[in-house]
Amino acid sequence: MNTQFWVVQAFNGVSYGALLFLVGSGLSLIFGVMRIVNLSHGSYFLLGGYVALSVIHATGSWALSLPLAAIAIAALGIVMERLFLRSEGFEVVRTLVIALGLAILFTLAFQKWQPHIVGSKSEFAIVAAIATVVIYFLLNRISIVPIEADVLRQVLLTVGFAFLFQQAALDIWGGNNMDINPPPAFTRSIVVGGTYLPLYRVFMIAMAIAIGIVLWLVMEKTRMGAAVRATVDDAQMARGVGIDTNRISMFIFALGAFLAALGGVIGGAFLGIYPGLDFEMLPLAFAVVIIGGMGSLGGAAIGALAVGLADNFGKALFPEISYFTLYAPMVLILAIKPTGLFGRE
Amino acid sequence: MASQQIKILMVAIALVAFVFIVPQSGSFVILLATRAMAFGILAMSVDLLLGYTGMSSMGQAAYFGVGAYLTAVLATKFHFGMGWDFWLVVVLGILIGAGLAALFGLFAVRAGGVYFLMITLALGQCVWGLAYRWNSLTGGDNGINLSGRPNFGLDLGNEVIFFYLVFGFFAVSMLMMYVLVRSPFGQSLAGIRERELRMQILGYNTWLHKYIAFIIAGGFGGLAGVLWAHTNGHVSPETVVLTTSVDALLMVVLGGAGTLIGATIGTAIVFGLREYLSTLVPWWQYALGGVYVLTILYLPMGLMGIPSRLRQRFAQGKNEDSKKLATKPS
């Protein structure tokens with residue numbers, strides 16, 4: 001174990017931390033603003049990677065896949081937030097979406113049971129349409145129980161969606177381990193002081209720093225950012241002084257999904273994209289959020305760096321307890337200061 | 001009180017019917033029922049925390065996992081627990097679950113609400129990390145295969161005998177938890193769930209109450225783990241992964257928290273969907289996800305809450321009608 005080892009491991013840790021920052025900062029902001037523990041955040045990471053694969057497959061451009069995947073998943077995040085994480089507004093659309101989903105499942109079951117009645121695609125569509133209308137009117141008779149202010153139900157709802165996304169990804173993209181290949185220019189290494197550093201990891205660090213700076217500028221220097229910070233500190237008070245916290249949460253949720261998907265595209269190059277990655281990233285993202293403090297951007301940066309380094313050195317130095325050394329500090333921090341190192345009460 | 005006795009009678013009849021009908025079915029159904037009952041003990045232990053104490057634990061799989069790994073490690077490394085000493089393993093499993101909960105509870109119990117959720121998640125991940133990485137003890141990602149079930153005169157390798165054994169543990173666990181929640185201790189837990197501050201003002205040591213409940217739930221989790229290891233014949237990090245904890249929580253919410261019987265109904269539905277439906281159709285996970293989303297949006301009290309939801313609806317309907325009458329221009 002010479003200096004070389006420490007330099008390489010530290011570099012790997014920092015670049016992994018850069019990836020974790022993308023996932024963790026969004027999760028942290030979502031928690032800070034909406035007090036929602038979003039368990040589908042790992043799914044955004046995974047889906048971002050998958051969408052990027054499709055974009056690359058269709059256009060051949062890696063650079064194009066970054067913004068497209070992130071925007072697509074941000075849109076998904078907005079839909080989820082507007083329709084399901086708030087009970088007011090869009091009641092009709094929500095009921096329609098649920099009715100449509102149920103109707104498709106019902107028709108699939110019917111097809112399984114009576115294949116000769118629902119054979120062709122058009123027959124399937126007709127039966128599904130009728131079922132949608134019927135279920136829609138049935139569901140309209142039942143009102144939704146407001147989900148705000150019930151932490152557990154919000155958590156479980158996001159898990160339910162994580163399961164749905166997982167299955168959808170499996171159906172669309174299959175169960176194989178896939179790789180996102182960045183342009184050849186990125187696969188080279190650069191030599192710094194006799195150490196070979198993969199250029200791609202340098203790019204990851206640069207990307208995370210750039211995004212971190214932009215986020216910081218938006219949060220600290222703009223009116224919107226001030227409104228977000230006010231909402232994190234005291235949502236009720238922020239509403240009282242006329243801040244539209246409803247719009248803020250939509251914006252933050254979309255931003256969080258955007259960043260997670262971006263992380264999925266960038267991380268897909270060296271982690272791979274495979275089923276189960278969603279629930280692998282999720283606890284790591286939580287570790288970032290908890291160590292850094294919920295709702296704090298600077299905290300997320302430090303948390304990501306800490307988790308990235310702990311993960312890398314843990315795996316290299318004491319592999320048998322490496323995850324333990326990652327999560328045990330998380331427990332201690334939570335027990336001593338539940339709001340995290342940089343979180344505010 | 002009478003309605004309570006009717007409910008107990010209904011549960012007892014359902015259990016007796018269950019224990020008579022299932023062994024008549026094929027081995028697939030018997031194994032499915034055995035698995036569901038072993039996991040059902042875990043779900044009830046989650047309900048003890050969530051439904052009766054108001055603590056939503058996201059790390060209950062930790063106690064389940066240590067129980068299962070204890071069984072597997074003792075059986076494969078020390079050939080312990082394959083005969084009469086199986087009963088010792090059961091006791092050890094309960095003790096290790098409770099012991100781990102006693103340790104974890106020191107960190108977790110004083111946290112409230114969302115922080116309790118997060119800290120139990122982190123604690124669960126600690127155990128998962130050890131199971132996943134500590135290759136020499138746990139076999140890492142591959143896990144541990146058990147070579148068979150204990151045989152102590154009763155051959156548990158026989159599915160039906162094993163089914164009866166797990167049913168016995170399941171029924172006794174349910175009874176014990178029922179007695180617990182009806183006891184004065186259980187009543188003060190419910191008081192803490194409703195309003196912790198008031199209980200503190202009344203002079204209750206609410207931390208100690210929650211801590212003890214946490215330990216008891218851990219003990220039941222360990223017991224469920226021991227049975228699970230022998231039911232599956234295989235223990236892997238999947239047993240302690242985050243989704244196992246979340247599954248247990250969802251089962252409780254699906255059936256109805258704070259009812260115990262709801263936890264078992266939720267377990268039965270989830271296992272039925274996951275293991276029976278998955279043999280029939282490839283889209284079973286949509287059905288499962290859909291059940292979760294619908295339950296959470298429309299039935300926060302779970303399936304057991306349907307009667308009260310209906311009652312509320314009829315009462316509301318009447319009110320609306322009377323309002324309409326009142327505002328109708330004459």
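Predicted model: local features only at pLDDT ≥ 70, side-chain atom pairs only at ≥ 80, totals over all residues.
First pair, inside chain B. Helix H3(B), residues 61–78, packs on helix H10(B), residues 206–232. The angle is about 45°, and the axes are 6 Å apart. H3(B) and H10(B) are therefore oblique to each other. Their crossing is right-handed. Look at who meets whom. From H3(B) we have B:Tyr63, B:Phe64, B:Gly65, B:Val66, B:Gly67, B:Ala68, B:Thr71 and B:Ala72. On the H10(B) side, the partners include B:Gly218, B:Gly221, B:Gly222 and B:Gly225. B:Trp228 and B:His230 are also among the H10(B) residues in this contact.

Where is B:Val240? It lies in the loop between strand E4(B), residues 234–235, and H11(B). Is B:Val240 buried or exposed? Buried, because 29 other C-beta atoms lie within 10 Å, and 20 or more is the cut-off. For scale, B:Val240 and B:Glu196 are 44 residues apart in sequence and 31 Å apart in space, C-alpha to C-alpha.

B:His79 has a positive phi of about 50°, although it is not a glycine. It sits in the loop between H3(B) and H4(B). B:Leu260 also has a positive phi, near 60°, and is not a glycine either. That residue lies in the loop between H11(B) and helix H12(B), residues 261–280. Now their surroundings. B:His79 has 11 other C-beta atoms within 10 Å, so it is exposed. B:Leu260 has 27 other C-beta atoms within 10 Å, so it is buried.

On to the interface. The contact takes 42 residues from chain B and 39 residues from chain A. On the chain B side, H5, helix H6 (135–138), helix H11 (242–255) and helix H13 (284–298) each supply at least two residues. The largest share comes from H5(B), with 15 residues.

A:Pro283, A:Phe286 and A:Ile290 of H11(A) make the contact with B:Met118, B:Leu121, B:Ala122 and B:Gln125 of H5(B).

H11(A) has a partner within chain A as well. Helix H1(A), residues 3–34, packs on H11(A) at about 65°, with axes 8 Å apart. H1(A) passes H11(A) in a right-handed crossing. The H1(A) residues are A:Leu20, A:Val23, A:Gly24, A:Leu27, A:Ser28 and A:Phe31. Facing them in H11(A) are A:Met281, A:Leu284, A:Ala285, A:Val288, A:Val289 and A:Gly292.

Now H13, in each chain. H13(A) has 15 residues, which should span 21 Å at 1.5 Å a residue; the end C-alpha atoms are 22 Å apart, so the two agree. Its buried residues include A:Tyr323, A:Phe324, A:Met330 and A:Leu334. What covers them includes H11(A) and H12(A), together with H4(B) and H5(B). H13(B) also has 15 residues, and reaches 21 Å against 21 Å expected. B:Tyr286, B:Tyr292 and B:Ile296 are among its buried residues. Those buried residues pack against H4(A) and H6(A), together with H11(B) and H12(B).

Last topic, the cores. Which residues touch the most other members of the largest nonpolar core? A:Ile73, A:Ala261 and B:Ala122, out of 200 residues. Helix H10(A), residues 245–271, gives the largest share of this core, 15 residues. A:Ala261 touches A:Ile73 itself, plus A:Tyr44, A:Phe45, A:Leu47, A:Gly48, A:Ala69 and A:Ala70, not counting residues up to four places away in sequence. There is a second, separate core of five residues, including A:Ile98, A:Ala99, A:Leu102 and A:Ala128. And B:Ala122 we have already met, in the contact between H11(A) and H5(B).

Notes: Residues numbered from 1 in each chain as written. Chains lettered and ligands numbered in written order. Helix = DSSP H or I, 4+ residues; strand = E, 2+ residues; numbered from the N terminus. Expected span 1.5 Å × (residues − 1). Buried ≥ 20, exposed ≤ 12 C-beta atoms within 10 Å, placed from the backbone. Contact = placed C-beta atoms within 7 Å. Core = buried A, V, L, I, M, F, W, Y, C linked by C-beta atoms within 7 Å. Axes fitted to C-alpha atoms, helices over the stretch in contact; angles between N-to-C directions. Parallel < 35°, antiparallel > 145°, perpendicular 65-115°, else oblique. Left-handed = near helix turned anticlockwise from the far one by under 90°.
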